[in-house]
Amino acid sequence: MTSPLLEVRGLKTVFHDLAGAWPAVDGVDIVVQPGEIVGLVGESGSGKSVTGFSLVQLIDAPGEIVAGDVLFKGEDLRRASEERLRDLRGDRIAMIFQDPLMTLNPVLTIGEQMCEAILEHRSCSRQEALKKSSLALSRVGISSPDARLRQYPHEFSGGMRQRVAIATALLNEPDLIIADEPTTALDVTIQSQILFEVQKLSRETGTAVLWITHDLAVVAELADRVAVMYAGRIVEAGTVDDVLDRPRHPYTLGLLGSSAATVAPGERLKQISGTAPSINARPSGCPFCPRCERALPLCAEVDPLPQLTSHEHSYRCHNPVSESHAS
């Protein structure tokens, strides 16, 4: 069996304040195989983005990664030097941020920034780097790419800046792309084009993708496997077919019921009651218990352990949805 490209075990990231240390990511396990696309889904505040930042060691104070292993091709990134991490970021591991202004320097042209991303990790001429950058812009739907390379970020719309950020992440054909809500600012047509390019890159080069999103429709179209995150934990994980067609955790079922893409035309969406708890107000027992229609007295007292079905479909729930009900 092929060794995992990325293996995360027991990852825990906390944020400190005067009252203590509060877990935003609480014991997360994720495995991504070479060439695989894994979706990480959940509501805002579930810990998805913090997980992505933690994987590439980009957590600043008052945040701190306090436990767990992050193995990339067998190398533990938590124990890697900053120099080694700089070598990996942008080359073998690329990250697409939700806000493109985190990626783009306002005082440099798009061409200067994209060429720098290539020349930092590759031995080639500037002309070759510009040609590769122009091709990358074309792949994400930006017209007149040669002219665009001479422009500055402020001359682009928000959606176009995001496409530039995505193109930059694709430049060096990395082994792993961590994409944090990368298509939120894009219209449906461009989003579809980006998803196609990501799938094509994955098939042709073996690039793996961890796609962080709240959009189940995107996950259904793009991913091979999916992990559902709530209150800093993975509460359900498996293949896209298993999790989306046969959800076992009530939270997953609630997400599906509140998505327009998963209900019949004319059918009312079913909203999950309440809101996700803040990191300093997590309930004891199962964190979803206060919002769960299937909660038992046990749920408020005991945090459920992961359960595994015969299909390697895991979930954490004392009173799971039956497979017949889910389907």
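**Group meeting: a walk through the model**

Let's start with helix α6: 12 of its 13 residues are buried, so the rest of the structure largely encloses it. Before I go on, keep in mind that this is a predicted model.

So, which residues of α6 are buried? They are Gly159, Met160, Arg161, Gln162, Arg163, Val164, Ala165, Ile166, Ala167, Thr168, Ala169 and Leu170. And what do they pack against? The partners are β6, α3, α4, α5 (145-148), β7 and α7. As for the helix itself, 13 residues at 1.5 Å each should span 18 Å, and the end C-alpha atoms of α6 are 19 Å apart, which agrees.

α7 is on that list of partners, so let's go there next.

The largest pocket has a volume of about 790 Å³. It is lined by 27 residues, and the closest to its centre are Arg89, Gly90, Thr103, Ala117 and Thr168. You've met Thr168 already, as one of the buried residues of α6. Which element gives the most to this lining? That would be α3, with five residues. The elements that each supply at least two residues of the lining are α2 (82-88), β6 (93-96), α3 (110-119) and α6 (158-170). By class, the lining of this pocket has 15 nonpolar, six polar and six charged residues.

Now the cavities. How many of 30 Å³ or more does the structure hold? Two. The largest cavity has about 70 Å³ of space. There are 13 residues lining it, and the closest to its centre are Cys286, Cys292, Cys299, Cys317 and His318. Sorted by class, that lining has nine nonpolar, three polar and one charged.

The second largest cavity holds about 40 Å³. Its lining is made of Arg233, Val235, His249, Cys286, Pro287, Asp303, Pro304 and Arg316. In terms of class, we get four nonpolar, one polar and three charged.

Next, a few spots in the backbone. As background, most residues other than glycine have a negative phi, and most peptide bonds are trans. With that in mind, the peptide bond from alanine 61 to proline 62 is cis, with omega near 10°. You'll find proline 62 in the loop between α1 (48-55) and β4 (63-72).

Then there are two positive phi values. Lysine 73 is not a glycine, yet its phi is near 55°. It lies in the loop between β4 and β5 (75-76). Alanine 231 also has a positive phi, about 50°, although it is not a glycine. That alanine is in the loop between β9 (225-230) and β10 (233-239). Are they buried or exposed? Lysine 73 counts as exposed, at 54% relative accessibility, whereas alanine 231 is buried, with a relative accessible area of 3%.

Last stop: arginine 92, in the loop between α2 and β6. Its relative accessible area is 19%, and the cut-off for buried is under 20%, so arginine 92 counts as buried. What does arginine 92 touch, leaving out residues up to four places away in sequence? Its contacts are Phe72, Arg122, Asn172, Glu173, Pro174, Asp175 and Leu176. Take the aspartate 175 on that list: 83 residues separate it from arginine 92 in sequence, but the two are 5.0 Å apart in space, C-alpha to C-alpha.

That's the tour, so over to you for questions.

Note on methods:
Residues numbered from 1 in each chain as written. Predicted model: local features only at pLDDT ≥ 70, side-chain atom pairs only at ≥ 80, totals over all residues. Heavy atoms only, no water. 1 Å grid on protein atoms, 1.4 Å probe; cavity = no way out; pocket = protein on both sides within 12 Å on 5 of 7 lines; lining within 4 Å. Points joined across faces, edges and corners; volume = space filled by probe spheres on them. Helix = DSSP H or I, 4+ residues; strand = E, 2+ residues; numbered from the N terminus. Nonpolar A, V, L, I, M, F, W, Y, C, P; charged D, E, K, R; others polar. Buried < 20%, exposed > 50% of the residue type's maximum accessible area, 1.4 Å probe, protein only. Contact = heavy atoms within 4.5 Å. Expected span 1.5 Å × (residues − 1).
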